[in-house]
Amino acid sequence: MLQEGAHGKWTVSSSDESTEENSDSEKPSTSSLLDTTHGRTSGPQYPCSEARKAAHKRKASPLKLSDNKISTEIPPAEKQRTSQEGSGWCLSSSDDEPEDKEKRAHKETLKEEKCDAPTEHPLNLCKDDELPANQKAEEYDQTPREAQDTWDLLNGGNPFRFFLTKVKGIEHSYNSGALHIKDILSPLFGTLISSAQFNYCIDVGWLVRQYPQEFRTKPLLIVHGEKRESKAELIAQARPYENISFCQAKLDIAFGTHHTKMMLLLYEEGLRVVIHTSNLIAEDWHQKTQGMWISPLYPRLPQGTTGSAGESETNFKSDLISYLTAYNSPALKEWIDLIQEHDLSETRVYLLGSTPGRYQGSDKEKWGHFRLRKLLKEHASSIPAQESWPVVGQFSSIGSMGADGSKWLCSEFQESLVAAGSSVTSLLKCDVPIHLVYPTVNNVRQSLEGYPAGGSLPYSIQTAQKQLWLHSYFHKWSAEVSGRSRAIPHIKTYMRLSPDFQKIAWFLVTSANLSKAAWGALEKNGTQLMIRSYELGVLFLPSAFGLEKGYFRVRGKMLSESNDSATYFPVPYDLPPEQYGSKDQPWIWNIPYTNAPDTHGNMWVPS
């Protein structure tokens, strides 16, 4: 379809129309592995989304502003044009709904995340451009001083155990208290016996190199959602490593993905659980804003202990076992047994997962947004004048929301987000302010990575054009508080705040983007919840941290020390969020941006 808008003319091929529905447009694709046969630059050597492949290609073959060969043509397709006034782009009306797509989804777009790479500063262009992107992303060495800091961090000053990943290219002080994957896998955390890595996009060779030399041959189970060619590719990556085994998560509902990001680490000293937001690829640990929750070291229970021993007040142990049991996999039985044998009673967070399926009756409350609703009703305090307490959602991808807010966002999803206390309140649609934080085109252009950062924000033109109403809820990414305004977010967070943005009723960090696939959507007159994907997050509630007032305070500076640090939650971005201005547009990955260069002097043409 020919398109015309603020960025010039381009065409969108119907073959590029995402098979997503509400599955975040991050579906994997193995075509990058086959590109060389068509004479094109080979993509990443692991399965990933079309958006990430485009980012990989642009990094390998940048287009400068002065480049005459820039073409804004993307493969030919039907000629059709619909203009949308004031939207900044012209939009086609021909995107298929998921149901239609399911009928003709012969090409399996396999993955759903993103595989991109690094960059440095906005207006002063980066100095390390001679280094291959993957090498830049992989450089990480910890000094002895930093190792001591990591140890102190883990064993003291962070009652929430909520951390950001280190970001290359920001002021050093803002990485104080942040962790790289090599820190997490370091012997400081424990003497590793074996581990399990649950994830979406996985570069096996890179992952192995993140383990210390002495742990690289320890048993490693990789839990993934790959099928067919991309599964074969993943297994091929692991051939050199005899210690690696696989567990394929069953994905029986179309367009679902295994999006959960979790590490289970068994040590001689005990067990640790890490629930996070990063893919297991170099780029996700380099110059993005990512988050994680790291459990305490769980000691082994005395032999012969049975029943509910080692359970926390938040029921974390049985909820984690229920989540793992949902995979129905013999490979995970060993890990379920190991968790049973450990004492998880020190856990202060609630587990919130999604697993694929159609749930009725009380099963509806086990997963997705109905699980959040249940937890908030049972454990969150009732809020006075609660309709004035806004909800903030922050994410890196967006699924199909429907023709207007009443279809899902401002109905069933909002009802779960605003649940609190045992009193059942039925607030009118969108009475509670909803602030959605998603990067603008300028956020991406001015980021450390430049335009390729947009490879991990796979919002497509086909989805965006159907829901222009949604964009009025959008707010810019800004994270001066953590020094990460130019580190594009791949973290996903949701919270409920007071009208002055100083108090937090609850805070969630999760793998779940803004999509029905991740959170679930009601079917059959509201009697059934359908979830497509695996997701996992942890919910922070004031009551679990001994705060009787029913709220956390917002910490002003992430770096600031507070004597009462359990009262102040370290939200990693700026509050209140700033609404899009009239000239701001949400980042859309599959259209060109050629009017202004990014921080590396490059354009974005995703073809």
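This report describes selected local features of a predicted model, from its aromatic pairs to its cavities and backbone exceptions.

Residues are numbered from 1 along each chain as its sequence is written, and side-chain values use heavy atoms, with hydrogens and water left out. Because the model is predicted, local features need pLDDT of at least 70 and side-chain atom pairs count only at pLDDT 80 or more, while totals for chains, interfaces and linings use all residues.

**Aromatic rings**

Across the whole structure, a search finds 32 aromatic pairs. Rings of Phe, Tyr and Trp (its six-membered ring) pair if their centres lie within 6.5 Å; planes under 30 degrees apart count as stacked, over 60 as edge-to-face and the rest as tilted. Two stacked pairs are listed here.

| Aromatic pair | Centre to centre | Angle between planes |
|---|---|---|
| Phe395 and Tyr438 | 6.3 Å | 25° |
| Tyr451 and Tyr593 | 6.1 Å | 15° |

Phe395 and Tyr438 are 43 residues apart, and their pair links distant parts of the chain. Phe395 is in the loop between strand E15 (391-394) and helix H12 (409-417), and Tyr438 is in the loop between strand E16 (434-437) and helix H13 (441-445). Helices (H or I, at least four residues) and strands (E, at least two) are DSSP runs, numbered from the N terminus. Phe395 has 0% relative accessibility and therefore counts as buried. Tyr438 is likewise buried, at a relative accessible area of 0%. Buried means under 20% relative accessible area, exposed over 50%, and partly exposed in between (1.4 Å probe, protein chains only).

One aromatic cluster is formed by Phe160, Phe162, Phe507, Phe540, Phe545, Phe552 and Phe569.

Charged side chains also sit over rings. A charge sits over a ring if NZ of Lys or CZ of Arg is within 6 Å of the ring centre and within 35 degrees of the ring normal. Arg373 lies over the face of Phe370, 4.2 Å from the ring centre. Over the ring of Tyr551 sits the charged end of Lys503, at 4.8 Å from the centre.

**Buried residues and polar contacts**

Ser396 is in the loop between E15 and H12, and at 0% relative accessibility Ser396 counts as buried. The side chains of Ser396 and Lys492 are joined by a polar contact of 3.1 Å. A polar contact is a pair of N or O atoms within 3.5 Å; within protein, one must be able to donate a hydrogen and the other to accept it, and residues adjacent in sequence count only if both atoms are side-chain atoms.

Asn279 is placed in the loop between strand E10 (270-276) and strand E11 (288-289). Asn279 counts as buried, at 0% relative accessibility. A polar atom of the Asn279 side chain lies 3.0 Å from the backbone nitrogen of Cys201.

Helix H9 (residues 316-325) is largely enclosed by the rest of the structure, because seven of its 10 residues are buried. The buried residues in H9 are Phe316, Lys317, Asp319, Leu320, Ile321, Tyr323 and Leu324.

**Cavities**

Six cavities of 30 Å³ or more are found in a search of the whole structure. On a 1 Å grid over the protein atoms alone, a cavity is a set of points where a 1.4 Å probe fits but cannot get out; lining residues have an atom within 4 Å of a point. A volume is the space filled by probe spheres set on the points. The largest cavity has a volume of about 50 Å³. Its lining includes Leu192, Val208, Tyr211, Phe215, Arg216 and Asn243.

**Backbone exceptions**

Most residues other than glycine have a negative phi, and most peptide bonds are trans. Phe255 has a positive phi, near 70°, and lies in the loop between strand E8 (244-248) and strand E9 (262-267). Phe255 is buried, with a relative accessible area of 9%. Phe501, also not a glycine, has a positive phi of about 60°. Phe501 is in the loop between strand E19 (492-497) and strand E20 (503-510), and counts as buried at 10% relative accessibility.

Leu575 and Pro576 are joined by a cis peptide bond, with omega about -10°. Pro576 lies in the segment after E25.

Methods:
1 Å grid on protein atoms, 1.4 Å probe; cavity = no way out; pocket = protein on both sides within 12 Å on 5 of 7 lines; lining within 4 Å.
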